[in-house]
Every structure is written in structure tokens, then in C-alpha cells.
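Here is a walk through one protein model, written for someone who likes to keep the viewer open while reading.

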Amino acid sequence: MSHEVMEQAKPLRWPPVTDVSALSPVPAGARDAVLKFYFGPMDCGKSTLALQMNYNHARQGRRGLVLTKHDRSGGPKITSRIGLGMEAIEVEDGLDLVRLVTAHERVDYLICDEVCFYTVEQIEQLADLVDDHGVDVYAFGLASDFRSVMFPAAQRLFELADEVCRLQVEVLCWCGRPGLLNARVVGGVLARTGEQVVIGDTDASPVRYQVLCRRHHRSGQLGEGAPPAP
Ligand SMILES: [Zn+2]
């Protein structure tokens, strides 16, 4: 298919809300691609929003790739806790994201779920894709690990992203306060040390994760109503 035909097939774009052409050195009609990072604790709806974002962009005739790593399904797909899901590309540590994208004929945007588990180098590659290839990148992930320490990839995103957005979809600590931090629970006790990435919440794993408010993450109180370890 020729490029012209694809251009014709694109739906009309709404005019920009504000006209900045007189103020900006950017030629009229041009728009810089964006790197956006949406973060929040587990269960706050990140994967659901990632899937919704992909749907919205695809419906506008834009072409995107959907990436994930260590999804809860254990497979190369994004699954959300409310039951949505779609196939995705699994981001292995050695995967060069610039090469991945440029190997495709046209990519307008990337949806990157579980981005906290990417390597820092891969975050740099996302920034390259935005700046050098005009690809919009929408990244979703945890900010901090079970110790409340920032994931290296999340830290780099805080440093580089055009926009950072905290998601708070009513995920609450057992006490009713907003759930901000992820606790790793091993044998019914909040863990303070260990590997940064341990897959839990599966039948085969003795590890589970629980979202707590800052107060109870720091005190280690898991609440009486906490579900028993599987
Ligand atoms: Zn609490």
C-alpha cells in the first residue's frame, strides 16, 4: 500500500485547542512526540488504562505497538485485573527498542506496560524514539519496589519524561487511607530485604504483594482483614 493511500485513510484531525504558531519556533502543524509516564501502586488500574489508551489511539487510525514485561498472566500479553487483555511484545533485557520500532513500517506510538522492569538503557531508547523518530511513548508502571525504593527504570522516567502522572484509582490500604506503596509479604510478614523483582501472587509462589498506605508500609502492619498468603 502506498503512503498516500494510508494518509488518505487517516481520519481528520481536530484543530489544536490553542494556536501557538506565533509563539513557537516549531512550524505550524508540527508537534513534538511525547514521553509520558503513568505510575501508581498495584491494582490502581495501570494496565486497564494502558489498554484503553491503545484502543483510543488505534481508533484514530494510528499505529502502535504494545509492550510489556512480567505481566501477571506470565505470557506476552497485557492483562488487567478487571478481565481485559491483549497480546503484547515481551521486553527481554537485551531487546533494543529502537531497532524493534524501526523494523516496522510505521509506528506512531508505543504502549509500554510494566515499564518499571525495563532496563535503564531501554528507557533511554524510549527517549530516542520520541526525539529522533517522532514516536509517542505512553509508559505505565510502578514507581517503587516493595522496600519503597524507586525502580531504576522508573527513576530514569521521572528524570526524562515530558509528563508524569500519578494514578490513584481508589486503591486503599486496609485502614482506608490511599494505598501508595507496594509491600511484599512472605509467610505473612512484610519483607524488608530481598531481590528487587520477585514474581508473586501466583499459585506456585509463597510471595504475595499488598498495597499499603505509607504509615502502614513503614510500620509493617498488614491489617487483620488482609487475605491469607496463598
Ligand atoms: Zn494504612
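Strand 1 (residues 35-39) has four of its five residues buried, so it is largely enclosed by the rest of the structure. "Buried" here means 20 or more other C-beta atoms within 10 Å of the residue's own, "exposed" means 12 or fewer, and "partly exposed" is in between, with C-beta atoms placed from the backbone. Helices (H or I, at least four residues) and strands (E, at least two) are DSSP runs, numbered from the N terminus. This is a predicted model, so local features need pLDDT of at least 70 and side-chain atom pairs count only at pLDDT 80 or more, while totals for chains, interfaces and linings use all residues. Numbering starts from 1 along each chain as its sequence is written.

Who sits beside strand 1? On strand 7 (residues 136-141) the pairing is parallel, over five bridges, and Tyr38 stands opposite Phe140 there. Strand 8 (residues 163-166) also runs parallel to strand 1, joined by four bridges, with Arg166 as the bridge partner of Phe39. Two strands count as paired if DSSP finds at least two bridges between them.

Zooming out, these strands belong to an open sheet of six strands in the order 5-2-6-7-1-8, with parallel pairing. Strand 5 (89-90) and strand 8 are at the edges with a single partner strand each, so one side of each has no neighbour in the sheet. Strand 6 pairs with strand 7 in the parallel sense through four bridges, and Ile111 faces Tyr138 in strand 7. Here are the parallel pairs again, side by side:

| Strand pair | Bridges | Facing residues |
|---|---|---|
| Strand 1 and strand 7 | five bridges | Tyr38 and Phe140 |
| Strand 1 and strand 8 | four bridges | Phe39 and Arg166 |
| Strand 6 and strand 7 | four bridges | Ile111 and Tyr138 |

In all, the protein has six helices and eleven strands. Of its 230 residues, 31% are buried. Two residues are in contact if their C-beta atoms, placed from the backbone, lie within 7 Å. Among contacts with a separation of 6 or more, 73% join residues 24 or more positions apart.

Now for the helices lying on the sheet. Helix 4 (120-133) lies across strand 1, strand 6 and strand 7, at about 155° to strand 7. Helix 5 (152-160) lies across strand 1, strand 7 and strand 8, at about 130° to strand 1. Axes are lines fitted to C-alpha atoms, for helices over the stretch in contact, and the angles run from 0 to 180 degrees between N-to-C directions.

Helix 2 (residues 46-59) has 14 residues and spans 20 Å from first C-alpha to last, close to the 20 Å expected at 1.5 Å a residue; that expected span is 1.5 Å times one less than the number of residues. Its buried residues are Lys46, Ser47, Leu49, Ala50, Leu51, Met53 and Asn54. The cover over them includes strand 1, strand 2 (64-68), strand 6 and strand 7. Just past helix 2, Gly61 has a positive phi of about 85°.

What about the nonpolar interior? A nonpolar core is a set of buried Ala, Val, Leu, Ile, Met, Phe, Trp, Tyr and Cys residues joined through C-beta atoms within 7 Å. The largest one has 39 residues, and Leu110, Cys112, Leu126, Val137, Ala139 and Ala153 have the most contacts inside it. Strand 1, helix 2, helix 4 and strand 7 are among the elements that give it two or more residues. A second, separate core has nine residues, including Phe146, Leu180, Ala183 and Cys213.

Which residue does UniProt list for "active site"? The unreviewed entry gives Glu114; such annotations may be inferred rather than shown by experiment. Glu114 is in the loop between strand 6 (109-112) and helix 4, and is buried, with 24 other C-beta atoms within 10 Å. Leaving out residues up to four places away in sequence, Glu114 touches Thr68, Lys69, His70, Asp71 and Gly141.

Most residues other than glycine have a negative phi. Glu114 has a positive phi near 55°, and Ser148 has one near 70°. Ser148 is in the loop between strand 7 and helix 5 and is partly exposed, with 16 other C-beta atoms within 10 Å.
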